[in-house]
Amino acid sequence: AVLPASIEKLILLPSGGLFLLPLHAAPLVGNSSDPICDRYEVSYAPSVEVLADCQARAATRGERSLYEVINPEEDPKLAFTKVEGESIAALFDQPKIDEGKNGTKDAVTAGVRDRAYLHFACHGSYNWGDPPQSGLALADGSLTLDELQTRKVDMSAARLVTLSACETGLTDIVQGSAEEYVGSPAGFLLAGAPSVVSSLWAVDDLSTALLMTQFYYNHLKRGFGTSQALRAAQRWLRHEVDCLTAIEHIIPLLGELEAQHENLPAESEAAKALGQRIQEIKERRDALLRREALDPGGRPFDHPYYWAAFTVWGPNVDVNDHG
């Protein structure tokens, strides 16, 4: 079937194993080089019923307040989440941020109340053996799907939840069935969030920091709805971010990490882990410099690995100026 030329937006309701695939990144028929999201704004939903409920919620929420959780496990592998969090917070008035060990379950439970935009830059995982225990890793344990679905977390004011974390978009189609809607995006939708941005696999923290910052900028400053904002951010990351732009984000962070490393006991496990991460980031910088020398203006994040993991679940939430 061929869609009419007038169609600009697609809402996909995948079933079975299709929940695990970035369908928006599949090539258009007849043009294998262009993904579907180059032609359409794409969002996902677990069911028509859930989608309708989410659309009704989104229409009543217009605040622009932000609550962020940034790397609550203080994992050096998520070093760029600090850059991500600071860049996004700068787009809001009086954001509330719990960074590092401040990101406890109690802090999150209190922090999400009366906040419209909830941003989690942390580890996430899926428990195939016990899906309700899947969730987001906080400083003192996981915020689980079970806790979300039993409404222990009040998200009655939430407008958008962004799960800038690993594997947050995975849905159980092995132990259960697609009709159960078991998965972090559906969990947040069922807990009261109108729209969720999540990832399908373990994402690169540098490219994610760039993508997330551009996503929020597109939404808040350019007035794009969430699916349009993500689509534009993904295209920007693929086509406009070059090696030098990536390096510009690496250099100041390296300075901060090296200063932190100097203040740690030399033989401590924390110092060893941070030292290893600093070395990895330096190698990343050097690799980008070599690529820039060989291919000036080259695009280091054009591969789908860097951008295709992220999806919008629920309705396309437009910017509302009531707040």
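These legends go with close-up views of one predicted model.

**About the model.** Residues are numbered from 1 along each chain as its sequence is written, and side-chain values use heavy atoms, with hydrogens and water left out. In this predicted model, local features need pLDDT of at least 70 and side-chain atom pairs count only at pLDDT 80 or more, while totals for chains, interfaces and linings use all residues.

View 1. Asp38 sits in helix α1 (residues 36-39). Helices (H or I, at least four residues) and strands (E, at least two) are DSSP runs, numbered from the N terminus. Asp38 is buried, with a relative accessible area of 17%. Buried means under 20% relative accessible area, exposed over 50%, and partly exposed in between (1.4 Å probe, protein chains only). Which residues does Asp38 contact, leaving aside its neighbours within four places in sequence? They are Arg231, Arg235 and Arg238. Contact means heavy atoms within 4.5 Å.

View 2. Helix α8 (residues 226-239) has 14 residues. From first C-alpha to last, α8 reaches 20 Å, close to the expected 20 Å at 1.5 Å a residue. The expected span of a helix is 1.5 Å times one less than its number of residues. Of the 14 residues of α8, 10 are buried, so the helix is largely enclosed by the rest of the structure. Among the buried residues are Leu230, Arg231, Trp236 and Arg238.

View 3. A search of the whole structure finds 4 cavities of 30 Å³ or more. On a 1 Å grid over the protein atoms alone, a cavity is a set of points where a 1.4 Å probe fits but cannot get out; a pocket is an open set with protein on both sides within 12 Å along at least five of seven lines; lining residues have an atom within 4 Å of a point. Grid points are joined across faces, edges and corners, and a volume is the space filled by probe spheres set on the points. The largest cavity has a volume of about 80 Å³. Its lining includes His24, Tyr44, Arg231 and Phe310. The elements giving two or more residues to this lining are β4 (41-44), α8 and β13 (310-313). Which element gives the most to the lining of the largest cavity? Helix α8 does, with 4 residues. By class, the lining of the largest cavity has 6 nonpolar, 4 polar and 2 charged residues. Ala, Val, Leu, Ile, Met, Phe, Trp, Tyr, Cys and Pro count as nonpolar, Asp, Glu, Lys and Arg as charged, and the others, Gly among them, as polar.

**View 4. The second largest cavity.** Its volume is about 60 Å³. Residues lining the second largest cavity include Leu78, Glu84, Cys166 and Asp205. Helices α3 and α7 are the elements that give two or more residues to this lining. The lining holds 4 nonpolar, 3 polar and 2 charged residues.

**View 5. The largest pocket.** About 390 Å³ of space lies in the largest pocket. It is lined by 17 residues, and the closest to its centre are Asn71, Glu74, Asp75, Pro76 and Gln260. Helices α3 (81-89), α9 (243-262) and α10 (269-294) each give two or more residues to the lining. The largest share, 3 residues, comes from α10. The lining divides into 9 nonpolar, 4 polar and 4 charged residues.

**View 6. Helix α10 and its cover.** The 26 residues of α10 should span 38 Å at 1.5 Å a residue, and its end C-alpha atoms are 38 Å apart, which agrees. Buried residues of α10 include Leu274, Arg277 and Glu292. What covers the buried residues of α10 includes α7 (205-220) and α9.

**View 7. Strand β5 and its parallel partners.** In strand β5 (residues 66-70), 5 of its 5 residues are buried. Leu66, Glu68 and Ile70 point one way from β5, and Tyr67 and Val69 point the other way. Strand β5 pairs in the parallel sense with β7 (residues 117-121) over 5 bridges. Two strands pair if DSSP finds at least two bridges between them. Leu66 stands opposite Tyr117 in β7. With strand β6 (residues 96-99), β5 pairs in the parallel sense over 4 bridges. Val69 has Asp98 in β6 as its bridge partner.

**View 8. An open antiparallel sheet.** Here 3 strands form an open sheet in the order β8-β9-β10, with antiparallel pairing. Strands β8 (124-125) and β10 (141-144) stand at the edges, each with a single partner strand, so one side of each is left without a neighbour in the sheet. Strand β9 (residues 135-138) joins β10 through 4 bridges. Gly135 stands opposite Thr144 in β10.
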